[in-house]
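Thank you for making time for this. I would like to walk through one model, beginning with a single chain and ending with the contact between two.

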Amino acid sequence: MYRDMIRIRKFEEKVYLLFLEGKVLGTIHQYQGQEAVAVGVCSALRRNDCITSTHRPHGHCIAKGVPLDSMMAELFAKSTGCCKAKGGSMHMGDISVGAVPAIAIVAGGVTLAAGMGLAYKLQRSDRVVACFFGDGAVNEGAFHEGANLAAIKKLPVVFICENNFYAASTPMQLTTPVGIAERAAAYGIPGVVVDGNDVAAVYQATVTAVARARRGEGPTLIECQTYRTVGHSRGDAGTYRPKEEVELWKQRDPIERLRRSLIADGAAENEIAAIEAEADREIETAVAFAESSLPPQPEDALLHVYGEGVTP
Amino acid sequence: MKRLSIAEALREAMREEMLRDERVFLIGEDIGIPQGFGGAFTVTLGLSDEFGHERVVDTPISEKAIVGAAVGAAMMGMRPIADVQYSDFLFCAADEIINQAAKMTYMSGGTVKVPMVLRAPVGATNRGAQHAQSPEGFFMHVPGWKVAVPATAYDAKGLLKTAVRDEGPVLIFEHKRLYGKGGRKEAGGLDLTSGIPDEDYCIPFGQAVVRREGADLTIVATLLMMHRSLAAADLLAQEGINIEVIDPRTLVPFDNETMLASVAKTGKLLIVEEDNLTGGWGAEVAARVADSGFDLLDAPIKRLASYDVPMPFAPVLENFVVPSVDRIIELARAMVKGKV
């Protein structure tokens, strides 16, 4: 888990620099500070379980196993990207490892996740889907409709709310009158709050929810309280958040916490350093792959509109 | 060979596809409730008795969840047929239809497919403005969706089967007044049946049908307006005016060739649609003919559509707004006589 959290952090830091250099195009919504959520959740899933993601998908994709090469190539708008340069940052994904291309409409993944769960149920499969969304999503109609359908049909879905307390710049207290996990009661499903910066806590809560889903007992809503230590998107300096609050959360950095706990449990410093060095090398390789890859042909824009050429 | 109404033909298509392919299932409101409606227009009546409530999934009144769940299930290898009761309710699920279903294959670089069918009844039937629209044009505009508009029972069955087997999302617009005998009787509804072959058949998308041949004027029309155009053509024939009526059967893909071949013969094109005039599918069709068939025309292209107002309730108002057989006759006659 430490390996994946470090891979996410370093990937995001590198992407930010590449964005400033103009090599990564468009916009980016970054995941620094929330790594324990993606990694804790995805560690509790099997490879053939699926996730749905959001406009902030890099961490989810890395945790679910999307190769960094193809992710970086996608950000560089190259034909070798995981979405063949059709998706970009906000639609990152790779269905072959269970990462549905990310859905950048807030709460858009909630109803789709219910449908994916319905498919698994009809297929008599014990697969589950973990559906990531932010605190802003719980006030969308799609959240209510999807959560309600999943609950009434007992579908194998785990709803993961990454509560970072701000919907873009709007603080949660202006939008959400009750705790997010409390919403679960409205659907008659378990709702739990976990420390989203404690990867072990996220993992444990997800294991419980996944087991319940696999048993056919239906969804769980897990509210992971966390914080993005960077802006909402490119160029957001986060001026709407008190400095003290940001500092407080930086003290709770999930990677630092895990590192301390690993060392307390007897892990060697040099082992941890080796994991970090390996992540650096992997990211450098990914950048080299992306830089050396070819852009798509302009006419490729006309492919994949109607599902032709897709293997049934 | 037997004769079925559109409602019966759609039901038979769904039943046969469910028997043929266990991935096919139905999802919607009021579709499988015991002693219930079988959908708003009886199309799914009895299917839950045969296939059980697992494959005929009754949902809350949650159009976003119905369409979103169909998208999600289709992505995971199922073949959902979703039903929203009235096409007006498609707008509740605009995000799922336009941002999710239509774009998922594209955004994934072709690796994720969304083989789903979405059924939506259209047409004005004295229900007021929110259960009356014919919004085919809205969705024809969205790259990613194919759009079918069956006007006969034969086409309804064959097009629905093609839709179920398609690798991408397909919208089927069915007309409330055309469900016919066996479906719920609509005031003024036509009692239409077709001969249905005993063997399995599919109708390829993008193949229009010439419903009636004629040399004086081409009418392109779908659904109820196609039937009204045929009725108008019958009456005009008594005056010696011969109308060719073309039913596109699918708006996406659209059979430009059949239409242009007809215009080459007649030199005149009238498009009749039930949607209101501005920005309807007829505008797109007119633009295409102006673009690639300008030299074939010897008169301006005309469109006859509902007026640009929300659909009113009162029959006297509704009948005024929606193109009638009389209005089709009047405009077609004037066009043939060179008076417009």
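Predicted model: local features only at pLDDT ≥ 70, side-chain atom pairs only at ≥ 80, totals over all residues.

Among contacts in chain B between residues at least 6 apart in sequence, what percentage join residues at least 24 apart? The figure is 78%, where two residues are in contact if their C-beta atoms, placed from the backbone, lie within 7 Å. Residues are numbered from 1 along each chain as its sequence is written, while chains are lettered from A, and ligands numbered from 1, in the order in which they are written.

Chain B has 12 helices and 14 strands, these being DSSP runs numbered from the N terminus, with helices (H or I) of at least four residues and strands (E) of at least two. Its radius of gyration is 20 Å, close to the 20 Å from the globule rule for 340 residues, so chain B is as compact as a globular protein of that length; the radius is taken over C-alpha atoms, and the rule is 2.2 Å times the number of residues to the power 0.38.

Turning to the sheet, seven strands of chain B form an open, mixed sheet in the order β3-β2-β4-β5-β7-β6-β12, where strands pair if DSSP finds at least two bridges between them. β3 (56-58) and β12 (250-252) of chain B stand at the edges with a single partner strand each, so one side of each has no neighbour in the sheet. Within the sheet, β5 (residues 117-122) and β7 (residues 170-175) of chain B run parallel and are joined by six bridges, and Val122(B) has His175(B) as its bridge partner in β7(B).

Helix α1 (residues 6-20) of chain B lies across β2, β4 and β7 of that chain, at about 130 degrees to β2(B), with angles running from 0 to 180 degrees between N-to-C directions, and axes fitted to C-alpha atoms, for helices over the stretch in contact. Helix α2 (residues 47-55) of chain B lies across β2 and β3 of chain B, at about 65 degrees to β3(B).

Finally, the contact between the chains takes 38 residues from chain A and 37 residues from chain B. On the side of chain A that touches chain B, the largest share, 11 residues, comes from α5(A).
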